[in-house]
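Please walk me through the chain shown here, taking the sheets, the salt bridges, the surface charge and the backbone angles in turn.

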Amino acid sequence: MDPGGIRAQRGTSTDAVTSLKAHVTGDLMDIVVDLDAGDGCRLYDLRDGTEYLDMTMFFSSATLGHGHPGLRHPDFELALVRAGRVKPSNPDFATAEQARFADTFKRVVGDPELPLMFFIDGGTLAVENALKVAFDWKTKVNARKGFAIRGSRVLHLERAFHGRSGYTLSLTNTDPSKIRDYPMFDWPRIPSPAVPPGDEWDDPELLAGERVALEAAEAALRRYGREIACFVFEPIQGEGGDRHLRPRFLRAMQDLCREHDVLTVADEVQTGALTGGAWAYRALGLEPDLVAFGKRMQVCGVMGGRRVLEVEDNAFREASRISSTWGGSLVDMVRATRILEIVESENLFEHSRQMGELLLGELRGLVAEFPSLVGQARGRGLMCAVSFHDPAKRDRALAVARDSYRTLFLPSGPDSLRCRPPLSVRPEEIVDAVAALRKTLGDLV
């Protein structure tokens, strides 16, 4: 854009927040993002150049932060423009760009045991199509075993967030305002025995709360039998409050599901590419049949395999069983391809693991310094959080950090504050962000 165009853009940005709030639903901060001036975790307000240290990354979807040089290369920008001139229906019309994205995805973050892929816009729709695959699979398995029963129920956890539309409304149970008064299915819900990583994390036996949850799952399977198609879970419940589930419990659920012809669905829309590797389920030693993804992957969708492949005409393979007009955005695929190439070439998963250790250490120091305000520093990779003893002070801390120290954090659950830095985050950015949070807590004291 020419300098005159940039000046015009700055001028028209002055009332952007007010204009959007008047007509568009949202929870807008009083910031107009400058898409040209970002640098790492530094975000700038287009109106006046105010600098913010951003630990939100657009709810974790800015995989490489703001202004990564690899995303400013002329060839990449030309590829974006080329893909942006049209909006092809990707399920029906092949392009070299989609093929390159699929190949890059398989190479960088793919799983040989989950070779089937489906792309779509939105994490909610990724989860919904994973459920549709499971419904289809269970009904066909039932029929082949002589049972005229539809697989039509989903076993799920308390404190879960899987989306806000269609089937996922029946699974989401965090903030009541997100689902209140909408019609939903009465699907079986079991306790969520989250355990912050610590002394009990590596206990080889099931903990008391985990046994209760497993018994509730067994009771649901006895009650509904072959109607239950799948068990869906988040390896770490982000919206629910950054609640960590132990691999021992999730493996027990996995075994139970296999025993009862129930598929396991890992919802990694939030955790994908955030927990120190490509997928949290790998770090936890799990073997899901379906994985829903989005956010940091840029393109949302489902990977499938394992027991899904036992049914030859599964929903991935039966024509038009699952589909959409667009099958994801081609522009998103071009951007995702470039991001994945950078993640691979710069070894950013290992880097993010190391930076996650630094961030968690800094947060633990903060908890030791302000035990009357915060506790439970926890994290896996860059998915880190602390809890406030008083939820109202958490809300106040978010505002003080933003307004007084120009640092952006996100809420998590009823009482937690979460950090979601990019894979390329630098050590000094982590230190600066925690320093701002330290000053914030000092103000609250």
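Is Arg 258 buried, partly exposed or exposed? Arg 258 counts as partly exposed because its relative accessibility is 35%; buried means under 20% relative accessible area, exposed over 50%, and partly exposed in between, with a 1.4 Å probe and protein chains only. The model is predicted, so local features need pLDDT of at least 70 and side-chain atom pairs count only at pLDDT 80 or more, while totals for chains, interfaces and linings use all residues. Residues are numbered from 1 along each chain as its sequence is written, and side-chain values use heavy atoms, with hydrogens and water left out.

Arg 258 forms a salt bridge with Glu 287, and the closest N and O atoms are 2.8 Å apart. This pair links distant parts of the chain, 29 residues apart: Arg 258 is in helix α8 (residues 247-259), and Glu 287 is in the loop between α9 (280-283) and β10 (290-293). Helices (H or I, at least four residues) and strands (E, at least two) are DSSP runs, numbered from the N terminus. Glu 287 counts as partly exposed, because its relative accessibility is 37%. A salt bridge here is a side-chain nitrogen of Lys or Arg within 4 Å of a carboxyl oxygen of Asp or Glu. By this rule the count comes to 33 salt bridges. Side chains of opposite charge can pair when their charged atoms come close.

The loop between α9 and β10 also holds Asp 289. Asp 289 forms a salt bridge with Arg 307, with 2.7 Å between the closest N and O atoms. Arg 307 is in the loop between β11 and α10, and the two residues, 18 residues apart, link distant parts of the chain. Asp 289 counts as buried because its relative accessibility is 2%, and Arg 307 is buried, with a relative accessible area of 11%.

Another salt bridge joins Glu 369 to Arg 438, where the closest N and O atoms are 2.8 Å apart. Glu 369 lies in helix α11 (residues 348-369) and Arg 438 in helix α13 (residues 427-444), so the pair ties together parts that are 69 residues apart in sequence. Glu 369 counts as partly exposed at 43% relative accessibility, and Arg 438 is partly exposed with a relative accessible area of 26%. Elsewhere, a network of salt bridges links Asp 136, Lys 140, Arg 144, Asp 313, Glu 318 and Arg 321.

The strands come next. An open sheet of 7 strands, with mixed pairing, has the order β3-β11-β10-β9-β6-β4-β5. Its edge strands are β3 (116-120) and β5, each of which pairs on one side only. Two strands pair if DSSP finds at least two bridges between them. Strand β4 (residues 153-157) runs parallel to β5 and is joined to it by 2 bridges, and Leu 157 stands opposite Ile 190 in β5.

Strand β16 (residues 416-419) has antiparallel partners: 4 bridges join β13 (residues 383-388) to β16, and 3 bridges join β15 (residues 410-412) to β16. Ser 387 stands opposite Ser 416 in β16, and Leu 410 stands opposite Arg 418 in β16. Ser 416 and Arg 418 point one way from β16, Leu 417 and Cys 419 point the other way, and all are buried. β15 and β16 form a hairpin with 3 residues between them, and Gly 413 in the turn has a positive phi of about 65°.

Most residues other than glycine have a negative phi, and most peptide bonds are trans. Phe 58 has a positive phi, near 50°, in a residue other than glycine. Phe 58 is placed in helix α3 (residues 57-60) and counts as partly exposed at 39% relative accessibility. Arg 306, also not a glycine, has a positive phi of about 50°; Arg 306 is found in the loop between β11 (300-304) and α10 (330-345).

On the surface, Asp 199, Glu 200, Asp 202, Asp 203 and Glu 205 gather in a patch of negative charge. Patches are made of residues with over 30% relative accessible area and no salt bridge, like charges being joined within 9 Å. Asp 202 lies in the loop between β5 (189-190) and α7 (208-224), and Asp 202 counts as exposed because its relative accessibility is 66%.

Note on methods:
Patches are made of residues with over 30% relative accessible area and no salt bridge: like charges are joined within 9 Å, nonpolar side chains (Val, Leu, Ile, Met, Phe, Trp, Tyr) within 5 Å. Accessible areas come from the Shrake-Rupley method with a 1.4 Å probe; for residues, only the protein chains shown count as cover. Lys and Arg count as positive and Asp and Glu as negative; His and the chain ends are not counted. The place of a charge is taken as NZ of Lys, CZ of Arg, CG of Asp or CD of Glu.
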